[in-house]
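These are my notebook entries on a chain that I went through element by element. I began with helix packing, then turned to aromatic rings, charges over rings and backbone geometry.

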Amino acid sequence: MPFQAPRGTFDILPDEEEIWNKVQQACFETARLFGYRYIETPVFEESGLFQRTVGENTDIVEKEMYSFDDKGGENISLRPENTAGVCRAFIENGLHNTTLPSRLFYYGPMFRYERPQSGRYRQFHQFGIECIGEASPDVDYEVIKIAWDVLKILDFGNVVLNVNSLGDSQDRYLYSEELKKYYSKYLNDLPRVDQLRFERSPLRILDSKEDITIKISEDAPKTLDFISTESSIHHENLILNLDQLSSIDKEFKYKINHRLVRGLDYYNKTVFEYTSDSLGPQGVLLGGGRYDPLIKILGGQDTPAVGFAMGIERAVNELKKNIDIEKNYVDAVLIVTNDDLRIQSAQIANNLRNHKIRTIIAPRKSIKAQMRFANNINSKCAVFIGHDELEANKLSIKLLQEKSEQIDIDLNDISQFKKILSS
Ligand code: AMP
């Protein structure tokens with residue numbers, strides 16, 4: 001049996017590079033327009049970091065982390081998400097001593113041992129935004145708007161922002177008690193996974209994907225009825241901004257989703273997700289929220305923060321449906337008519353590459369087979385290198401795409417060649 005990529009992972013093949021770049025470019029350019037700067041942290045961290053931040057009772061920490069003892073006996077985990085790593089880096093590198101808020105973005109692979117299914121992988125990529133050091137709802141709106149701008153550039157249809165507020169930890173405690181009271185009436189009807197959540201983290205029952213639980217949750221108490229005045233004002237201020245955006249941009253739609261609590265323990269106040277109908281059951285394109293307590297939990301100064309993470313694979317898969325892949329990745333294939341000209345051909349190829357002409361030398365085969373090779377890889381042109389051409393200090397270029405002219409150019413005037421390629 002030949003080796004295969006591990007379950008839940010995949011290869012990004014050359015034809016797909018352009019789409020991946022397009023998504024990455026949309027993310028990076030938008031983040032930079034809002035004054036965000038790139039940060040990169042290691043793909044593995046001490047396991048304790050995720051236990052403290054993501055939360056001991058979450059699916060991620062309980063079931064999905066790739067954790068192992070390294071050769072030095074350190075318990076290490078591949079990162080399942082990157083907010084924890086960014087916050088660790090923020091504290092460790094003393095970024096709280098710089099002008100706040102720190103506007104940061106990241107991009108890279110994440111790892112979760114999940115049951116692989118469409119749109120759900122064990123190694124996947126996330127682009128994320130973290131705005132650390134500002135408590136105002138203005139920045140909640142800012143990160144939501146960054147996400148919206150990225151999705152717009154990528155031409156996502158039918159995207160809806162779901163938003164909710166969880167209030168602060170005190171509010172959450174009261175709310176959890178209220179939820180427990182509500183669900184205790186239906187405890188026997190709840191599926192086993194949700195019965196377990198009832199004891200450990202009742203809020204996450206609202207997040208359940210089980211049909212019965214979704215039905216039962218329809219009349220559950222709403223977080224917004226339990227949050228403090230301060231959290232309410234924060235929420236209303238964000239909503240004013242969102243209303244303003246929808247009045248200017250008719251494509252922007254949002255709804256208050258009372259069941260939205262997000263899976264991770266560290267969120268407070270604003271939580272949000274963008275969902276798309278076209279993605280089916282894996283419809284969540286990105287999610288985020290405020291996580292004011294996190295930096296302090298990690299031993300830093302009390303520093304409010306808000307951010308989101310976007311799954312790149314889902315954006316890439318969606319884009320694949322609408323994009324024609326550029327097949328033209330080579331400008332020139334050198335057809336070497338005599339094998340004794342191979343060394344000279346290699347020099348000519350280098351000269352062309354120095355002028356940014358993408359060049360391959362055809363394999364040592366018959367001229368006919370070399371031409372077939374040039375056509376098969378969709379080269380823009382074939383360049384004949386023979387004794388006659390070299391004596392006359394010329395390159396003989398045959399265009400292979402729409403036009404099929406043959407043109408001679410001076411070997412010392414490559415700019416002429418560039419003009420032909422771009423015409
Ligand atoms: P989360 O960190 O769970 O809030 O996820 C944020 C975004 O990352 C989701 O909305 C997805 O787009 C993406 N995502 C999360 N888990 C996976 C996965 N296993 N495979 C692919 N994308 C994922």
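At what angle do helix α1 and helix α5 pack, and how far apart are their axes? I worked from a predicted model. I looked up helix α1 (residues 17–33) and helix α5 (residues 137–153) and found an angle of about 145 degrees, with the axes 9 Å apart. I noted the crossing of α1 past α5 as right-handed. On the α1 side I listed Ala26, Cys27 and Thr30; the residues they meet in α5 are Ile146, Asp149, Val150 and Ile153. Sorted by class, this contact has 5 nonpolar, 1 polar and 1 charged residues.

Entry on aromatic pairs. I counted 16 aromatic pairs. I looked up Phe28 with Tyr107 and recorded an edge-to-face pair, with 5.7 Å from centre to centre and 80 degrees between the planes. Phe28 belongs to helix α1 and Tyr107 to strand β5 (residues 102–111), so this pair ties together parts that lie 79 residues apart in sequence. I then checked accessibility: Phe28 is buried because its relative accessible area, 15%, is under 20%. Tyr107 is likewise counted as buried, at 15% relative accessibility.

I went on to Phe105 and Phe127, which form a tilted pair with 6.2 Å between centres and 55 degrees between planes. Phe105 is in strand β5 and Phe127 in strand β6 (residues 123–132), and this pair links parts of the chain 22 residues apart. I found Phe105 buried at 0% relative accessibility, and Phe127 buried with a relative accessible area of 0%.

Which residues form one aromatic cluster? I listed Phe28, Tyr38, Phe105, Tyr107, Phe127, Phe272 and Phe308.

Entry on charges over rings. I recorded Arg122 over the face of Tyr113, 3.9 Å from the ring centre. I also recorded the charged end of Lys180 over the ring of Phe198, at 5.8 Å from its centre.

Entry on Leu224. I located Leu224 in the loop between α8 (211–217) and α9 (229–248). Is Leu224 buried, exposed or partly exposed? I noted a relative accessible area of 22% for Leu224, which makes this residue partly exposed. Setting aside residues up to four places away in sequence, I found that Leu224 touches Asn164, Ser165, His235, Ile256 and His258. I also took the C-alpha to C-alpha separation of Leu224 and Ile323, which is 42 Å in space for 99 residues in sequence.

Entry on backbone geometry. I kept in mind that most residues other than glycine have a negative phi, and that most peptide bonds are trans. I found the peptide bond from Leu100 to Pro101 to be cis, with omega near 0 degrees. Pro101 is placed in the loop between α4 (83–92) and β5.

Which value of phi does Lys356 have? I read a positive phi of about 65 degrees for Lys356, although this residue is not a glycine. Lys356 is in the loop between α12 (342–354) and β13 (359–361), and I noted Lys356 as exposed at 67% relative accessibility. I looked up Asn378 as well, and phi there is positive, near 65 degrees.

Technical notes. Residues are numbered from 1 along each chain as its sequence is written. This is a predicted model: local features need pLDDT of at least 70, side-chain atom pairs count only at pLDDT 80 or more; totals for chains, interfaces and linings use all residues. Side-chain values use heavy atoms; hydrogens and water are left out. Axes are lines fitted to C-alpha atoms, for helices over the stretch in contact, and angles run from 0 to 180 degrees between N-to-C directions. Helices (H or I, at least four residues) and strands (E, at least two) are DSSP runs, numbered from the N terminus. A crossing is left-handed if the near helix is turned anticlockwise from the far one by less than a right angle, and right-handed if clockwise. Contact means heavy atoms within 4.5 Å. Ala, Val, Leu, Ile, Met, Phe, Trp, Tyr, Cys and Pro count as nonpolar, Asp, Glu, Lys and Arg as charged, and the others, Gly among them, as polar. Rings of Phe, Tyr and Trp (its six-membered ring) pair if their centres lie within 6.5 Å; planes under 30 degrees apart count as stacked, over 60 as edge-to-face and the rest as tilted. Buried means under 20% relative accessible area, exposed over 50%, partly exposed in between (1.4 Å probe, protein chains only). A charge sits over a ring if NZ of Lys or CZ of Arg is within 6 Å of the ring centre and within 35 degrees of the ring normal.
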